Amino acid sequence: MKKNSITTLNQFISDQQSHFPFVQGSLSRIFRDLQLGAKMINRDVRQAGLIDILGDFGNTNVQGEEQKKLDVISNEVFIKLLEMSGDCVCILSEESEDIHWCEGADNAKYILAMDPLDGSSNIDVNAPIGSIFSIYKRLSMDKPVTMEDVLQTGNQQVAAGYVIYGAATMFVYTTGSGVFGFTLDDSIQEFCMSHPNIKIPQNGNIFSVNEGNYTEFPIGYKSYIDWCKTSGDNKKIYSARYIGSLIADFHRNLLKGGIYLYPPTNKAPNGKLRLLYECNPMAFLIEQAGGKATNGNIRIMDIQPTELHQRTPLIIGSENMVSLMHEML
Ligand code: P6P
């Protein structure tokens with residue numbers, strides 16, 4: 001990116017399109033729709049307190065979690081926009097138990113898995129929240145899409161990314177050729193490239209974990225956390241940073257270096273985070289940025305999904321920190 005030049009997300013995607021044989025425009029249109037949805041949700045998130053869409057919607061989602069009004073709105077926004085373009089054959093969302101089959105899109109090429117608004121318990125307290133997406137190609141254009149097309153490993157993702165609604169609103173994504181960050185310029189309502197080719201430092205001094213569950217963690221996690229708290233190898237001081245919003249904790253660690261842990265707990269023996277629309281997209285991004293993501297045994301993106309909303313423990317972040325964590329496991 002030349003100094004003092006503005007590259008918008010739309011420009012960048014159309015430039016990239018010419019480099020990728022598989023992109024005949026439909027993936028670019030999906031990004032256009034995700035971007036528009038992000039701008040609409042950004043508007044609602046920024047005004048939430050003013051137009052009383054804070055608080056619970058009175059329903060619970062498939063996870064048994066209180067659905068916040070903004071959760072529901074975000075889910076509807078993305079589904080409506082993506083359905084209009086006809087480029088997604090189906091959409092898996094954290095907010096819906098079943099797959100949403102897009103009307104009139106039986107011949108569409110792409111499958112989208114998304115968490116329309118992650119970290120929603122932070123909405124009312126004005127902490128950063130985010131939208132997460134993961135995009136696959138269907139396995140075959142010659143036969144109807146089945147569960148097999150949706151339950152692909154993370155290695156098969158063609159794109160993944162998130163929008164973080166924080167101090168600034170950013171759109172961060174990868175299509176397998178590096179990680180790129182775009183910051184929303186409110187004055188022109190364009191996402192402008194601010195972080196070309198993000199790489200996570202190989203080492204960091206931040207560990208992110210909900211220590212409220214410490215006593216329930218497997219011993220290896222406890223050993224690693226204790227090691228960090230005794231200032232690790234006595235050469236550096238480790239800081240605990242945990243916002244309780246995956247996107248916020250992930251984004252900070254991506255830029256500064258660090259490790260995020262969601263271990264198995266009594267309440268969540270398989271971890272709390274969902275494989276298909278939280279851990280896989282984060283794993284694609286972190287590996288593209290030079291980091292690592294595992295479930296404590298294998299790479300997140302090697303896990304063969306068996307259920308739409310299945311959960312997995314997550315260890316993700318700087319390469320050397322994840323490797324040391326594994327030694328302690
Ligand atoms: P806990 C938010 O609900 C979320 O899915 C992630 O965004 C976040 O990292 C995690 O759960 C927080 O979970 O159990 O620490 O409150």
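In helix 5 (residues 219-229), the buried residues are G220, Y221, K222, Y224, I225 and C228. Buried here means under 20% relative accessible area, exposed means over 50%, and partly exposed lies in between (1.4 Å probe, protein chains only). Helices (H or I, at least four residues) and strands (E, at least two) are DSSP runs, numbered from the N terminus. The cover over the buried residues of helix 5 includes strand 11, strand 13 (259-262), strand 15 (314-317) and helix 8 (319-328).

The model is predicted: local features need pLDDT of at least 70, side-chain atom pairs count only at pLDDT 80 or more, and totals for chains, interfaces and linings use all residues. Residues are numbered from 1 along each chain as its sequence is written, and side-chain values use heavy atoms, with hydrogens and water left out.

The helix pairs come next. Two packed helices are described by the angle between their axes and the distance between the axes. The axes are lines fitted to C-alpha atoms, for helices over the stretch in contact, and angles run from 0 to 180 degrees between N-to-C directions. Angles under 35 degrees count as roughly parallel, over 145 as roughly antiparallel, 65 to 115 as roughly perpendicular and the rest as oblique.

Helix 1 (residues 9-17) packs on helix 2 at an angle of about 165°, the axes being 10 Å apart. Helix 1 is therefore roughly antiparallel to helix 2. Their crossing is right-handed; a crossing has this hand if the near helix is turned clockwise from the far one by less than a right angle, and is left-handed if anticlockwise. On the helix 1 side the contact is made by L9, N10, I13 and Q17, and on the helix 2 side by S28, F31 and Q35, where contact means heavy atoms within 4.5 Å. These residues divide into three nonpolar, four polar and no charged. In this count Ala, Val, Leu, Ile, Met, Phe, Trp, Tyr, Cys and Pro are nonpolar, Asp, Glu, Lys and Arg are charged, and the others, Gly among them, are polar.

Helix 2 (residues 26-47) also packs with helix 3 (residues 69-85), at about 155° and with the axes 9 Å apart. That angle makes helix 2 roughly antiparallel to helix 3, and the crossing of the two is right-handed. From helix 2 the contact takes in I30, R32, D33, L34, L36, G37, A38, M40, I41, D44 and V45, which meet L70, I73, S74, V77, F78, L81, L82 and S85 of helix 3. By class, the residues of this contact are 13 nonpolar, three polar and three charged.

S26 also belongs to helix 2. With 9% relative accessibility, S26 is buried. Leaving out residues up to four places away in sequence, S26 touches D87, K109 and Y110.

Helix 6 (residues 246-256) and helix 7 (residues 275-288) have axes that come within 12 Å and cross at roughly 10°. The two helices are therefore roughly parallel to each other. L246, I247, F250 and L254 of helix 6 meet E278, M282, L285 and I286 of helix 7, a contact of seven nonpolar, no polar and one charged residue.

D149 sits in helix 4 (residues 147-150) and is buried, at 2% relative accessible area. Residues up to four places away in sequence aside, D149 touches I111, R138, L139, S140 and P144. From C-alpha to C-alpha, D149 and C90 are 10.0 Å apart in space, against 59 residues apart in sequence.

The cysteines can be taken together. A disulfide is a pair of cysteine sulfur atoms within 2.5 Å, and by this rule the count is zero. C102 is in no disulfide, its nearest cysteine sulfur being that of C88, 5.7 Å away. C102 is buried, with a relative accessible area of 3%. For C279 the closest cysteine sulfur is in C228, and at 20 Å that is too far for a bond. C279 is buried as well, at 0% relative accessibility.

Two asparagines have positive phi. N126, not a glycine, has a phi of about 60°. N126 lies in the loop between strand 5 (110-118) and strand 6 (129-137) and is exposed, with a relative accessible area of 71%. N197 has a phi near 55° and is placed in the loop between strand 10 (190-195) and strand 11 (206-208). At 40% relative accessibility, N197 is partly exposed.
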